[in-house]
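Reader: Before we look at the model, could you take me through its features one at a time, giving the general idea and then the case at hand?

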Amino acid sequence: MARTLHLSHRRSHFPSHPHHHLLQNPPNISSTSPSSSFSPPHNCSFGRIFVYNLPVVFNQELLDNCVELDPWHSRCRALSNDGFGSKATGLSGVIPEDLVPAWYWTDQFAMEIIYHNRILNYKCRTMEPDSATAFYIPFYAGLAVGKYLWFKYRWKDRDRYCEMILKWLQEQPHWNSSGGWDHFITMGRITWDFRRTKDEDWGSKCIYLPGMRNITRLLIERNPWDYFDVAVPYPTGFHPRSDSDVLEWQDFVRNHNRKTLFCFAGAPRDTIENDFRSLLLRQCMNVSGLCRAVDCAGTRCSNGTSLVLEAFLDSEFCLQPRGDSFTRRSIFDCMVAGSIPVFFWHRTAYLQYQWFLPSDPKSYSVFIHRNELKNGTSIKSVLESYSKEEVKKIREKVIEYIPKLVYAKPKEGLESIKDAFDVAIEGALKRIKEQKQFGHKWK
C-alpha cells in the first residue's frame, strides 16, 4: 500500500450508474484513430494485432480528468507527453549533453499510456479484426482503480470500471468466439492491486471477475503462479530516440568511472520491526567510502531528482531489496545505469521478468539470501570476493540487456533495436498464436 500513497486517488465526478456509456457507439477519438502514415504490416511472423476503439470512459476520459486521479496532487504532469512525463532537468554534467533530451521524469505507473500510444503505430497492427491473431484492450485499468484505492470508497467503486469493460467486451463478436483467449491488456500497476478476495480488503477484484481469467495481462509485477500474468519492465526515465541513443548510452555506462563498490537508494521503515532496509542502510554506512546511501524518506527520491541516477552511475553494485511488494522500479533504474543488481528475494526479479532478463541469474546479478544478512553476512565481503574481470563480465551482460529494459520515445519504435515494448508485444503475440495452434485453452 505504501508504494502508492502519493500516487493514488481523488474524488471522481464519475456517475454512480455509468452504464449508459456502454449503450453508445464507440466514439472515434483522435487518440485511438490510426495515424495518417499507417501502412499495412510486413513480415509479421507472430501475427497481427487489432486494437479495440473503446468508449472514452475507459482511457481518454481518465487522462482528461488527470487532476482528479490522486488525492494529494494533480497527476497531469506525470502523465503528460504520451505518458513519459515532464522532461528531465538537472542532468547536465551527469550524463552526456546530447542524451539529456532522451530523459524524462517518467512515472512508474504510466505503462498503460506508453503501450497504448506505441501500439496504435505498431508495424503489425491491423484494421481488420478477421485477420488479427490478437486483440488489444486499451483500458487504463491501473489509472481507473487508483482513483478508488484510498479513503472510504467502497468495493463497488473499485470494481466498477472493470465490470464495465467486461460487459462491453461481452458484446463484441471476436471476444465471444474465443472467450478472451486471444485478447491481452496492459494493467499499469502490480497484480495484487487487482486481486481482492474479500470486500473489505485492498484493491479491486478485477482479475477474479468472470471473463478476465483468459486474458493475457501485462503488469509491472506478476503473480508467478498465474500463467496469464506477464511481468514487463517498470518505465524508467530513459527513452531513446534512436538506435544511436541506445549505443551511446551503453558506451557511456560501460566506461563510466564508478567510485564506490555498492549503493542503496531507499527509505527505512521505522514502523516495521527488524526492517530489512534499515539493515542495508546500516551496512552501507558502516563501510565508509565503499558504499553510497541515498535516503529516500519522504519525497527525496521522487521523480524530479538526479540523486538516484548519480548513485547508480557511480557504483559497481546496487542493493535491491523487495519494495512494498516483491518488485520495485529501482531494479530497472539500477540496470539502465549499468550497475549490477544485488537481490535478496528470488521473486524480486528471477520469477518476474523472464522475457526481458537473461535466463541465468548469475550472469547479470548477485544473490544474497536475506537470512544470511540477518545472521551477520557482510555485503562488502561478498561483493569484494568478485574479481575485476568477473565484475566486468557481469556488467557487460547488464549493458547488453539495457535495450530490453527501456521504452523508446518514437511512437514507431527504434530503427532496428527492439525495446521493452517490442519484446512484450512479440511475446504476447507468440503465446497467443501458440495457444491457437495447439488448442491450449478451456471453456
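Author: Let us begin with cavities: on a 1 Å grid over the protein atoms alone, a cavity is a set of points where a 1.4 Å probe fits but cannot get out, and its lining residues have an atom within 4 Å of a point. Grid points are joined across faces, edges and corners, and a volume is the space filled by probe spheres set on the points. This is a predicted model, in which local features need pLDDT of at least 70 and side-chain atom pairs count only at pLDDT 80 or more, while totals for chains, interfaces and linings use all residues. Residues are numbered from 1 along each chain as its sequence is written, and side-chain values use heavy atoms, with hydrogens and water left out.

Reader: How many cavities of 30 Å³ or more are there, and which helices each supply at least two residues of the lining of the largest cavity?

Author: The count is three cavities of 30 Å³ or more, and the largest holds about 70 Å³ of space. Helices and strands here are DSSP runs numbered from the N terminus (helices H or I, at least four residues; strands E, at least two). By that reading, α3 (141-146) and α4 (155-169) each give at least two residues to the lining of the largest cavity, with the largest share, five residues, coming from α4. Among the lining residues are F139, R158 and F194. With Ala, Val, Leu, Ile, Met, Phe, Trp, Tyr, Cys and Pro counted as nonpolar, Asp, Glu, Lys and Arg as charged, and the others, Gly among them, as polar, the lining divides into eight nonpolar, one polar and three charged residues.

Reader: How should I read the order of the strands in the open sheet?

Author: Two strands pair if DSSP finds at least two bridges between them. Here five strands form an open sheet in the order β7-β6-β8-β9-β10, with parallel pairing. The edges are taken by β7 (291-295) and β10 (366-367), each with a single partner strand, so one side of each is left without a neighbour in the sheet. Helix α7 (residues 276-285) packs on this sheet and touches β6 (260-266), β7 and β8, its direction making about 145° with that of β6; contact means heavy atoms within 4.5 Å, and the angle, on a scale from 0 to 180 degrees, lies between N-to-C directions of axes fitted to C-alpha atoms, for helices over the stretch in contact.

Reader: How many bridges join β6 to β7, and how many residues of β6 are buried?

Author: Five bridges join β6 to β7 in parallel, and A265 stands opposite V294 in β7. The parallel pairing of β6 with β8 runs over three bridges, where T260 faces S315 in β8. Burial is judged by relative accessible area (buried under 20%, exposed over 50%, partly exposed in between, with a 1.4 Å probe and protein chains only). Seven of the seven residues of β6 are buried, so this strand is largely enclosed by the rest of the structure.

Terms used:
On a 1 Å grid over the protein atoms alone, a cavity is a set of points where a 1.4 Å probe fits but cannot get out, and a pocket is an open set with protein on both sides within 12 Å along at least five of seven lines; lining residues have an atom within 4 Å of a point.
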